[in-house]
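Here are some notes to go with your first look at this one. Have the viewer open as you read, and take the points in order.

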Amino acid sequence: MELWELVARESIRDVIARYNANGDSGRFDQVVELFAPDAVMELDNGKLYRGREEIPTIFTDAASTLRDRPGPIVLRHMTSTLQLDVVSPTEARSRCYYHVLMSHGLDHWGRYIDEFGVVDGRWRFTRRREMLDGTTPDGWAVFHLTKL
């Protein structure tokens, strides 16, 4: 493995970690910066969000539904089993599992299928596909998904 590939792998791991931490903390501007300007995010329901103007609405819409829930807002996305394929010095793909913990415990879980590119010298999501595998009955995701 060459040095550029090691740097790419660590940079992409950092992008994924920042996506989780910034999104869970409501720092949506920092989340959007992780996407290429023309990136696409696809949710499990098949809806596509294109570019840095549409993608933030995923997070702001979700945040508005959280405000209506009783009790403290606790939201923690965790990813695991990350598989990275670095195709070239400017292109990569990954797959990983995610699960989301909230104040009531495990809420929902699924997979991310990602594509990355280098934009202005930094790795960014060029496409992110979220695939929901399951939800906890009466959890937030069940409520949120009915609002889409």
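**Notes on the core and its surroundings**

1. Start in the middle: the largest nonpolar core has 34 residues, and those with the most contacts inside it are Y19, F35, I55, F116 and F125. Such a core is a set of buried Ala, Val, Leu, Ile, Met, Phe, Trp, Tyr and Cys residues joined through side-chain atoms within 4.5 Å. Helix α3 (residues 51-66) gives the largest share of this core, six residues.

2. A word on what you're looking at: this is a predicted model, where local features need pLDDT of at least 70 and side-chain atom pairs count only at pLDDT 80 or more, while totals for chains, interfaces and linings use all residues. Numbering runs from 1 along each chain as its sequence is written, and side-chain values use heavy atoms, with hydrogens and water left out.

3. Now pick out Y19. Not counting residues up to four places away in sequence, Y19 touches V31, L34, F35, M41, F59, Y112, F125 and R128; contact here means heavy atoms within 4.5 Å. The charged end of R128 sits over the ring of Y19, 4.3 Å from its centre, and also over the ring of Y112, 3.6 Å from that centre. To count, CZ of Arg (or NZ of Lys) must be within 6 Å of the ring centre and within 35 degrees of the ring normal.

4. How many aromatic pairs does a search of the whole structure find? Eight, where pairing asks for ring centres (Phe, Tyr, or the six-membered ring of Trp) within 6.5 Å, and planes under 30 degrees apart count as stacked, over 60 as edge-to-face and the rest as tilted. F28 and F59 make a stacked pair, 5.8 Å centre to centre with 20° between the planes. This pair links distant parts of the chain, with F28 in helix α2 (residues 28-32) and F59 in helix α3, 31 residues apart. F28 counts as buried because its relative accessibility is 18%, and F59 does too, at 10%.

5. Is N20 buried or exposed? Buried, at 6% relative accessibility; the cut-offs are under 20% for buried and over 50% for exposed, with partly exposed in between (1.4 Å probe, protein chains only). N20 is found in helix α1 (residues 3-24). Leaving aside neighbours within four places in sequence, N20 is in contact with H77, M78 and T79.

6. Last, the strands. β3 (residues 75-88) and β4 (residues 91-102) pair in the antiparallel sense over eleven bridges, forming a hairpin with two residues between them. S80 stands opposite Y97 in β4. Strands pair if DSSP finds at least two bridges between them; helices (H or I, at least four residues) and strands (E, at least two) are DSSP runs, numbered from the N terminus.
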